[in-house]
Amino acid sequence: FLSRTQINVLHCIPISAIFGDNVAFASQTMTWYKGKTVLQALDQLTLGEKDKKELCYPVQDVYYVNDQRMAVGMIESGVMKVGDEVMIMPDMHKARIRTIEKYKESLTKAHTKESVGITTDTPVYLEKGNILAHTDSRLLPEKKYKANVFWIAKDPLTIETKLQLQCVTQSTLCKVTSIFNKINTSTLEAITDDDECIRSLEMCE
């Protein structure tokens, strides 16, 4: 079931959050379970090699530093270098990275998950929510996309519902245009009727 949502199960851990069973320490009441605790499982997780992926740099904010505009944010994937030509989405303006700044130091290169500030060689207007990628990137702005949704709100989600979408550092309004592949998460059975809405604890695309 979960493989259909591109989720791979690494561990199935029975826990009790109230009593702390198998969270930080092995449960004294679930003696039949011999696997890892939640913290042990988390400690074994490793990050993928995101440096090898395309550059994705969401702008978190923009400040004036020494009379120049500096965009700051965390590199979600890829590598950024001084001199790289980048595309600023969604406006699709182009610029080159002039400087990469970190606290009290200047860098020539920054890697995935590094939080850095940047300046560009041309006075392009950068603002919170912009995404920077290399000019040959496959990342492009889209007006419509497909998402896997697990609905937990009390009121149903219906077609034409307007939602506030948080995409990295940008918040924007969106509207549901179609609902399909509904699944009852309690029974894992497909729901074939009523494709106009999704109710609490149902999943869909």
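Contact means that heavy atoms lie within 4.5 Å. This and the other terms below are applied to a predicted model, in which local features need pLDDT of at least 70, side-chain atom pairs count only at pLDDT 80 or more, and totals for chains, interfaces and linings use all residues. Residues are numbered from 1 along each chain as its sequence is written, and side-chain values use heavy atoms, with hydrogens and water left out.

The protein chain holds 1 helix and 18 strands. Helices (H or I, at least four residues) and strands (E, at least two) are DSSP runs, numbered from the N terminus. The radius of gyration is 22 Å, well over the 17 Å that the globule rule gives for 205 residues, so the chain is more spread out than a compact globule. This radius is taken over C-alpha atoms, and the globule rule is 2.2 Å times the number of residues to the power 0.38. Along its principal axes, the C-alpha trace spans about 60 × 45 × 30 Å.

Of the 205 residues, 31% count as buried. Buried means under 20% relative accessible area, exposed means over 50%, and partly exposed lies in between (1.4 Å probe, protein chains only). The accessible surface of the chain comes to about 14,300 Å². Carbon and sulfur atoms account for 53% of that surface. Accessible areas come from the Shrake-Rupley method with a 1.4 Å probe; for residues, only the protein chains shown count as cover. Among contacts with a separation of 6 or more, 52% join residues 24 or more positions apart.

An open sheet is formed by 4 strands, in the order E11-E18-E15-E16. The pairing is antiparallel. Two strands pair if DSSP finds at least two bridges between them. Strands E11 (149-151) and E16 (189-191) stand at the edges, each with a single partner strand, so one side of each is left without a neighbour in the sheet. From one strand to the next, the twist averages 30 degrees. Axes here are lines fitted to C-alpha atoms, for helices over the stretch in contact, and angles run from 0 to 180 degrees between N-to-C directions. Strand E11 pairs with strand E18 (residues 202-204) in the antiparallel sense, over 3 bridges. Phe 150 has Met 203 of E18 as its bridge partner.

Asn 22 lies in the segment before helix H1 (38-43). Asn 22 is buried, with a relative accessible area of 2%. Leaving out residues up to four places away in sequence, Asn 22 touches Ile 13, Pro 14, Ile 15, Ser 27, Met 30, Tyr 33, Thr 37 and Val 38. The side chain of Asn 22 also reaches the backbone nitrogen of Ser 27, at 2.9 Å.

Ala 95 sits in strand E6. At 4% relative accessibility, Ala 95 counts as buried. Beyond its neighbours within four places in sequence, its contacts include Asp 84, Val 86, Ile 88, Thr 120 and Val 124. The C-alpha atoms of Ala 95 and Leu 132 are separated by 9.8 Å, with the two residues 37 apart along the chain.

Glu 114 belongs to the loop between strand E8 (109-110) and strand E9 (115-120). Glu 114 is buried, at a relative accessible area of 18%. The side chain of Glu 114 makes a polar contact with the side chain of Lys 102, at 2.7 Å. A polar contact is a pair of N or O atoms within 3.5 Å; within protein, one must be able to donate a hydrogen and the other to accept it, and residues adjacent in sequence count only if both atoms are side-chain atoms. The Glu 114 side chain also reaches the backbone nitrogen of His 111, at 2.7 Å. Ile 75 is 39 residues away along the chain, yet its C-alpha atom is separated from that of Glu 114 by 5.7 Å. Glu 114 touches Ile 75, and also Gly 73, Met 74 and Leu 107, among others.

A cis peptide bond joins Met 89 and Pro 90, with omega about 15 degrees. Pro 90 falls in the loop between strand E5 (85-89) and strand E6 (93-102). Asp 67 is a residue other than glycine with a positive phi, near 65 degrees. Asp 67 is placed in the loop between strand E2 (61-65) and strand E3 (68-74), and is exposed at 80% relative accessible area. Val 168 likewise has a positive phi, near 55 degrees. Val 168 is found in the loop between strand E13 (162-167) and strand E14 (170-175). At 44% relative accessibility, Val 168 is partly exposed.
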